[in-house]
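Please keep the viewer open while you read, and follow along in the order given.

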Amino acid sequence: VGIGHTIHGSIGTHFSPYYPKGHKKLKLLKGLKKMKRGTYMTNQLTTEAIDTIKKFQSKSKDKPFFLALSHYAVHTPLEAPGSFVSIFENKRKSKYSIDKFTFEHGAVSRTSQDNAKYAAMLKSVDENIGRLRSYLKRSDLENSTTILFTSDNGGLSTRPKGHFNMDNKRIAQNLSTANTPYRGGKFWLYQGGIKVPLIIFNGEKQEGTTISKFYSIGMDVFPTLLDLAGLPLYPSAHRDGMSLVPALTTLRHEIKRNDTFFYHYPSVFDGGEVECSAALSEDYKLIEIRKNGENSTELELFDLNQDPYERINIVKDRPHILEKLLKDLRKWRQSWVDNKKYTEGKTCNEFLEYDQWKDLHQKQRI
């Protein structure tokens, strides 16, 4: 069942009717119940989620279910219920310094977290997740339900100088948020762009509350949920991911991740970002920034254990680590990045021909 989904990454407005003014024929969101004009999208999607669980439970009470709830928040356009916005506008007035910014590779980067509408949207998401959890508790489902909360990227905190002919302070005022003390944000490969929350609640199997420093990536979600549900893993379907269950239990101090994370941002969009690639191995992170073509690069190396906010470039201090990470990064990029600049005349045949469900097919044949 798909409700309220769209091929677009965002919607024209967060208040019903949910389409941009003058574009009613787009029919961006399907399956939503007809709601009173002005209903807030985050509220409605949560209501739809609860109703869907109720409907499923009424027909298949003893069967497990999977629900993916993706609010269109927090995301532009920045809109929230007025009562929430006023709370944070009053809080903002009490701050002695607002709309602060600095520069990141020439781009304007907001450093103060004081956007009232953004905060109000976050409060709405928080309250609606609370609504969902309250329903699960009332329905005696909380202890048998695993909840995983995560996000796709850091907040949009940068814009190029001269964006829409605005001065730097005006650009900062129009930015959504700040990821301080982390550098960068959406579109960037600094931690402010790729470090996101991952919160897992495992019902009655929960072994207390812990904070793990174990590195993970979005591809870990699928095998982790399979493992938590007691289902068999399908390595061919999650070859880039692993179950995080050992890292969440008493084994968390023993388990290590030996594989390297690779990232690539091939073009400049509208966040003032630079074209770059990155490799993360254990606590060392290398960023290769490309300037004026492939032959002009700038290298930055950070020890995230000692320097989580990426302030100290240790390229000259760790030559052996730099050499290895750079070699691995360029090898990966040449093999997998589908971009003519780096893979001229070459396609990712291994990826295109790969049967990600071969493990499942083999078990079905058996």
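Let me start with a question: in which hand does α1 pass α3 in their crossing, left or right? The first point has the reply, together with the helix contacts behind it.

1. **The α1/α3 pair.** The crossing of α1 past α3 is right-handed. A word of caution before you build on it: this is a predicted model. The two axes come within 9 Å, and the angle between α1 and α3 (residues 116-138) is roughly 15°. That makes α1 roughly parallel to α3, because angles under 35 degrees count as roughly parallel. On the α1 side, the residues that meet α3 are Thr 42, Asn 43, Thr 46, Thr 47, Ile 50, Ile 53 and Lys 54. Their counterparts in α3 include Ser 124, Val 125, Asn 128 and Arg 131, and also Leu 132, Tyr 135 and Leu 136.

2. **The chain as a whole.** You will find 10 helices and nine strands in the chain. Of its 366 residues, 38% are buried. Taking contacts between residues at least 6 apart in sequence, 59% join residues at least 24 apart. The accessible surface is about 22500 Å², and carbon and sulfur atoms account for 52% of that surface.

3. **The three-stranded sheet.** The order β1-β2-β4 describes an open sheet of three strands with antiparallel pairing. β1 and β4 (158-159) each have a single partner strand, so one side of each is left without a neighbour in the sheet. Between β2 and β4 there are two bridges; Ser 109 has Thr 158 in β4 as its bridge partner. As a reminder, strands of a sheet pair through backbone hydrogen bonds, parallel or antiparallel.

4. **The four-stranded sheet.** A second sheet to look at is also open, with four strands in the order β6-β7-β8-β9 and antiparallel pairing. Its edges are β6 (261-265) and β9 (297-303), each pairing on one side only. On average, neighbouring strands here are turned by 10° against each other, direction ignored. Five bridges hold the antiparallel pairing of β6 with β7, and His 264 stands opposite Ser 277 in β7. Helix α8 (residues 319-336) lies across β6, β7, β8 and β9, and runs at about 60° to β8.

5. **Positive phi at two non-glycine residues.** Which backbone angles might you want to check? His 105 is not a glycine, yet its phi is positive, at about 50°. The residue sits in the loop between β1 (101-104) and β2 (107-110), and His 105 is partly exposed, with a relative accessible area of 27%. Glu 282 likewise has a positive phi, about 55°, without being a glycine. Glu 282 belongs to the loop between β7 (276-281) and β8 (284-290), where this residue is exposed at a relative accessible area of 56%.

6. **Two cis peptide bonds.** Please look at these as well when you go through the backbone. The bond from Ala 73 to Val 74 is cis, with omega near 10°; Val 74 lies in the loop between α1 (41-59) and α2 (82-93). Thr 180 and Pro 181 are also joined by a cis peptide bond, with omega about 10°. Pro 181 is in the loop between α4 (168-174) and α5 (191-194).

Technical notes. Residues are numbered from 1 along each chain as its sequence is written. This is a predicted model: local features need pLDDT of at least 70, side-chain atom pairs count only at pLDDT 80 or more; totals for chains, interfaces and linings use all residues. Side-chain values use heavy atoms; hydrogens and water are left out. Buried means under 20% relative accessible area, exposed over 50%, partly exposed in between (1.4 Å probe, protein chains only). Two strands pair if DSSP finds at least two bridges between them. Contact means heavy atoms within 4.5 Å. Accessible areas come from the Shrake-Rupley method with a 1.4 Å probe; for residues, only the protein chains shown count as cover. Axes are lines fitted to C-alpha atoms, for helices over the stretch in contact, and angles run from 0 to 180 degrees between N-to-C directions. Angles under 35 degrees count as roughly parallel, over 145 as roughly antiparallel, 65 to 115 as roughly perpendicular and the rest as oblique. A crossing is left-handed if the near helix is turned anticlockwise from the far one by less than a right angle, and right-handed if clockwise.
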